[in-house]
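The briefing that follows is meant for someone meeting this structure for the first time. It takes up the surroundings of the ligand and then turns to the pockets.

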Amino acid sequence: MTGLDAAVRLAGVSRRFGALATSSVQAVNDVSLAVRRGALTLVMGPSGSGKTTLLSMIGGLLAPTEGTVEVEGIDLASLTPAALADFRLRSIGFVFQRFRLLDALSALENIELPLTLAGARRPASRVRAVEVAARVGLTSRLDSKSEALSGGEQQRVAIARALANAPSLLLADEPTGSLDSRAGHRIIELLHAVAAVGTTVLVVSHDERLIPFADTVVRMEDGRISAIE
Ligand code: ADP
Ligand code: MG
């Protein structure tokens with residue numbers, strides 16, 4: 001893959017937790033990887049293999065102890081904390097297993113929030129939130145409080161929220177882990193559709209049912225990449 005095809009490039013990335021040599025954990029160990037732009041890449045591995053730690057470093061939520069993380073050609077370590085926060089807000093969308101919505105807000109308000117944080121004003125922010133909600137099939141649920149929605153609907157709100165600022169990269173950590181298989185199927189189909197229109201999607205999961213939807217499958221074991229399929 002040439003530099004232009006890679007949305008994310010990891011070089012020799014490691015992450016250790018704990019300072020003591022005797023008790024520290026090497027969560028990610030010397031990972032080098034290029035993630036193809038506009039594709040769905042699935043990182044699979046058992047619990048504790050380092051998937052969440054890897055995703056957190058790609059998303060700029062956690063700094064590596066060694067190595068470099070480049071997103072869209074930008075070395076995240078070169079950014080000030082404020083510039084990194086701004087880059088995350090505008091360029092990276094996050095989706096988590098447990099949705100992390102604001103329960104007291106409606107579906108639409110949850111989707112509008114990152115637009116407001118990025119400086120958009122009404123009515124433009126509303127118009128955009130409605131448009132993204134339609135894309136995930138939530139038009140009939142816009143005014144529902146998020147706590148009143150089903151798990152699958154909540155995850156679709158979370159995906160719409162993650163897409164609101166049109167990020168180039170969408171990161172999802174076990175996005176189907178709290179859902180039954182039917183709702184989970186719908187979520188991975190949606191993530192696949194997001195990748196098909198040009199957003200780079202990186203999903204970490206131990207759910208083998210997601211494999212048919214992936215363009216590339218990266219397998220992790222004990223903090224290292226064991227295979228790329
Ligand atoms: P996965 O997402 O594949 O289940 P994680 O990245 O969460 O794996 O964890 C990898 C390893 O790093 C595990 O041994 C875990 O206990 C350890 N780990 C993760 N986060 C921390 C932390 N904040 N402090 C200490 N150890 C951690
Ligand atoms: Mg995890």
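By class, the shell around ligand 1 holds six polar, four nonpolar and one charged residues, where Ala, Val, Leu, Ile, Met, Phe, Trp, Tyr, Cys and Pro count as nonpolar, Asp, Glu, Lys and Arg as charged, and the others, Gly among them, as polar. This is a predicted model, in which local features need pLDDT of at least 70 and side-chain atom pairs count only at pLDDT 80 or more, while totals for chains, interfaces and linings use all residues. Residues are numbered from 1 along each chain as its sequence is written, chains are lettered from A and ligands numbered from 1 in the order in which they are written, and side-chain values use heavy atoms, with hydrogens and water left out.

**Around ligand 1**

- The residues that surround ligand 1 are Phe 17, Val 25, Ala 27, Pro 46, Ser 47, Gly 48, Ser 49, Gly 50, Lys 51, Thr 52 and Thr 53, each having a heavy atom within 4 Å of the ligand.
- Oxygen atoms of ligand 1 take part in polar contacts (pairs of N or O atoms within 3.5 Å): one lies 2.8 Å from a polar side-chain atom of Lys 51, one lies 2.9 Å from an N or O atom in the side chain of Thr 52, and one lies 3.1 Å from a backbone N or O atom of Gly 50.
- On its own, ligand 1 has 560 Å² of accessible area, of which the protein covers 57%, as computed by the Shrake-Rupley method with a 1.4 Å probe.
- Strand 2 (25-36) and helix 1 (51-58) are the elements that give two or more residues to this shell, and helix 1 provides the largest share, three residues; helices (H or I, at least four residues) and strands (E, at least two) are DSSP runs, numbered from the N terminus.

**The largest pocket**

- Among the 16 residues that line the largest pocket, Leu 89, Phe 94, Pro 114, Leu 117 and Arg 161 are the closest to its centre, a lining residue being one with an atom within 4 Å of a point.
- Helix 3 supplies the largest share of this lining, four residues.

**The second largest pocket**

- The second largest pocket contains about 160 Å³ of space, and its lining has eight nonpolar, three polar and one charged residues.
- Strand 4 (residues 66-71) gives the most to that lining, with three residues.

Methods: 1 Å grid on protein atoms, 1.4 Å probe; cavity = no way out; pocket = protein on both sides within 12 Å on 5 of 7 lines; lining within 4 Å. Points joined across faces, edges and corners; volume = space filled by probe spheres on them. Polar contact = N/O pair within 3.5 Å; in protein donor to acceptor, adjacent residues only side chain to side chain.
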